[in-house]
Amino acid sequence: MSEPVPITINVNGRKRSAMVEARLLLVHFLRESLNLTGTHVGCDTSQCGACTVLLDGRSTKSCTVFAVQADGSEVQTIEGLADGDELHPLQDGFWEEHGLQCGYCTPGMIMSAVNLLEDNPAPSEAEIREGISGNICRCTGYQHIVNAIQHAAERMAQS
Amino acid sequence: MIPTAFEYRRAGSVAEALSLLQEGGPEAKLLAGGHSLIPMMKQRLAEPGLLIDIGGLDELRGIQEDGGEIAIGAAMTHAEIAASDVLRAQAPIVAETAANIGDAQVRNRGTIGGSLAHADPGADLPAVMVALDATIALLGPNGERKVQAEDFFQDILTVDLAEDEIVTGVCFQACRSAAYAKLEQRASKFALVGVAAALSLDGGTCSSARVAVTGASSHAQRLSGVEGALAGASLPGGAADAASGAGDALDFVNEDLHGSEEYRRAMTAVFARRAIEAAAGRS
Ligand SMILES: Cc1cc2nc3c(=O)[nH]c(=O)nc-3n(C[C@H](O)[C@H](O)[C@H](O)COP(=O)(O)OP(=O)(O)OC[C@H]3O[C@@H](n4cnc5c(N)ncnc54)[C@H](O)[C@@H]3O)c2cc1C
Ligand code: FES
Ligand code: FES
């Protein structure tokens with residue numbers, strides 16, 4: 001057995017320190033050590049995107065990163081997106097445009113969309129579909145998700 | 001899926017990574033973006049006892065152009081390569097290929113050094129590096145070594161890289177008239193067949209060409225028959241003729257649930273033609 005490793009990760013603006021096994025995946029650190037269960041595990045094989053968080057501002061599949069790799073970094077999860085009671089425009093967009101059914105893919109979908117709108121504030125429909133191609137939704141057929149992201153992009157452009 | 005336990009060390013410099021590699025011996029593995037290695041570790045297809053993290057090393061970062069030669073550091077991510085103004089202007093094939101790897105999350109983590117060292121038979125960048133006649137820079141205990149891309153890729157997941165060496169970067173001559181075309185696996189975007197073509201053009205006539213395929217065979221390799229047929233060909237009209245024998249000339253062709261050998265051979269010719277036409281249309 002290898003020795004536990006000390007890590008400190010800034011999660012949603014709060015420094016969180018722990019001793020972890022090197023093989024602990026970031027998603028398990030978030031869900032099991034920090035109880036931030038908004039980040040989901042869908043496939044555990046780097047394909048579905050349900051585990052997407054922002055790692056130093058970039059969308060990342062947290063089932064494909066060890067927590068030790070994120071030592072010293074900033075992580076943002078779905079729990080850190082709203083400003084108090086005020087929903088993030090993407091959360092609002094998913095609400096207004098019915099961008100979810102079962103909701104399992106939604107946190108990862110929204111975190112991917114945050115990265116997409118950061119890189120490209122006014123994406124075309126095709127660019128939105130490419131931007132969320134690392135996230136699989138088994139329910140919606142994607143159209144309402146695309147609408148939700150467009151809704152958010154328009155709102156963010158106005159403000 | 002939980003990998004076997006291992007020791008984790010974050011290297012503070014390339015020199016430290018090299019000495020950790022020596023210390024760890026066959027148990028040690030470098031970790032860059034982790035997007036090939038971690039999935040393999042989760043399936044226990046790889047069980048390294050020591051992971052040496054080189055993902056954040058400044059020495060392995062950067063994209064520079066100097067007198068027409070472009071150098072990319074091994075730890076540059078696919079997303080950074082796709083967004084590079086230097087590459088978009090002077091070697092658009094590289095930026096475009098990186099932009100079509102996997103998905104946004106994969107591109108945010110995966111690195112060019114990891115992609116070349118891992119040499120997945122369906123990886124995109126190896127074919128592009130062979131077509132551009134890139135040089136791959138390696139550093140080991142005995143100093144630096146340079147290997148041409150076409151010699152680096154040797155077999156499935158097998159490259160000319162010793163256990164104690166690190167890929168530090170790649171360099172190649174700027175080239176606008178080059179393009180990559182792939183038939184992608186719809187879910188992962190890995191190439192079932194991908195062809196990169198880099199042309200020297202004199203008006204509408206091709207004076208010489210380098211063409212390489214990935215996905216179709218065990219490793220990225222040149223399509224020398226196509227290259228020969230392109231010399232003196234007028235383009236884009238002559239692309240289909242030059243590409244027609246591309247698939248049949250391959251010694252070994254992969255076969256799996258995504259495509260039979262026959263299909264991959266046929267698609268090699270089709271995507272060679274598309275890559276040549278796109279490259280010719282770009283000059
Ligand atoms: C869902 C998914 C889809 C993908 N789709 C595509 C695709 O469409 N096209 C494509 O080309 N790729 C694709 N990939 C692979 C992706 O590009 C990988 O990131 C890349 O192949 C490996 O880079 P890495 O930095 O993640 O390497 P790692 O996983 O960290 O390392 C891979 C191997 O290379 C070694 N290594 C890493 N860096 C160095 C170095 N500097 N020197 C020496 N050895 C080194 C490691 O020891 C390891 O053996 C996909 C991956 C996933 C998970
Ligand atoms: S759980 Fe991470 S990609 Fe599916
Ligand atoms: S809403 Fe059910 S998986 Fe997307």
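**Ground rules**

I worked from a predicted model, in which local features need pLDDT of at least 70, side-chain atom pairs count only at pLDDT 80 or more, and totals for chains, interfaces and linings use all residues. Residues are numbered from 1 along each chain as its sequence is written, while chains are lettered from A and ligands numbered from 1 in the order in which they are written.

**Entry: domains of chain A**

I looked up the domain bounds, which come from an automatic or database domain assignment. Chain A has domain 1 (5–80) and domain 2 (89–158). Their C-alpha centres lie 21 Å apart. I then looked up the contact between them, where two residues are in contact if their C-beta atoms, placed from the backbone, lie within 7 Å. 15 residues of domain 1 of chain A touch twelve residues of domain 2 of chain A. On the domain 1 side, β3 (52–55) and β4 (58–61) of chain A give two or more residues each. Strands here are DSSP runs (E, at least two residues), helices are runs of H or I with at least four, and both are numbered from the N terminus. β3(A) gives the largest share of that side, three residues.

I also noted the classes. Ala, Val, Leu, Ile, Met, Phe, Trp, Tyr, Cys and Pro count as nonpolar, Asp, Glu, Lys and Arg as charged, and the others, Gly among them, as polar. The domain 1 side that touches domain 2 in chain A has six nonpolar, eight polar and one charged residues.

Axes are lines fitted to C-alpha atoms, for helices over the stretch in contact, and angles run from 0 to 180 degrees between N-to-C directions.

I started with α2 (residues 89–96) and α5 (residues 143–158) of chain A, whose axes come within 8 Å and cross at roughly 135°. α2(A) and α5(A) are therefore oblique to each other. For this label, angles under 35 degrees count as roughly parallel, over 145 as roughly antiparallel, 65 to 115 as roughly perpendicular and the rest as oblique. The crossing of α2(A) and α5(A) is right-handed. A crossing is left-handed if the near helix is turned anticlockwise from the far one by less than a right angle, and right-handed if clockwise. From α2(A), the contact residues include Leu90(A), Phe94(A) and Glu96(A); from α5(A), they include Ile149(A), Arg155(A) and Met156(A). The contact of α2(A) with α5(A) has seven nonpolar, two polar and three charged residues.

I then checked α2(A) against α3(A). They pack at an angle of about 130°, with axes 10 Å apart. This crossing is right-handed. Leu90(A), Gln91(A) and Phe94(A) of α2(A) meet Thr106(A), Ile110(A), Ala113(A) and Val114(A) of α3(A).

Met109(A), Ala113(A) and Leu117(A) of α3(A) meet Ile145(A), Ile149(A), Ala152(A), Ala153(A) and Met156(A) of α5(A). The contact of α3(A) with α5(A) holds eight nonpolar, no polar and no charged residues.

**Entry: domains of chain B**

Chain B has domain 1 (7–51), domain 2 (60–173) and domain 3 (178–280). The C-alpha centres of domains 1 and 2 of chain B are 19 Å apart. Twelve residues of domain 1 of chain B contact 17 residues of domain 2 of chain B. Helix α1 (residues 14–24) of chain B gives the most to the domain 1 side, with five residues. That side has seven nonpolar, five polar and no charged residues.

**Entry: chain A against chain B**

I found 27 residues of chain A in contact with 20 residues of chain B. β4(A) gives the largest share of the chain A side, four residues. The chain A side divides into seven nonpolar, 15 polar and five charged residues.

**Entry: ligand 1**

Which residues are closest to ligand 1? They are Gly33(B), His35(B), Gly102(B), Gly110(B) and Gly114(B), out of 35 that surround ligand 1. A residue counts as near if its C-beta atom, placed from the backbone, lies within 6 Å. The surrounding residues come from chains A and B, so the site is shared between chains. α7(B) gives the largest share of the shell, five residues. By class, the shell around ligand 1 has 16 nonpolar, 14 polar and five charged residues.
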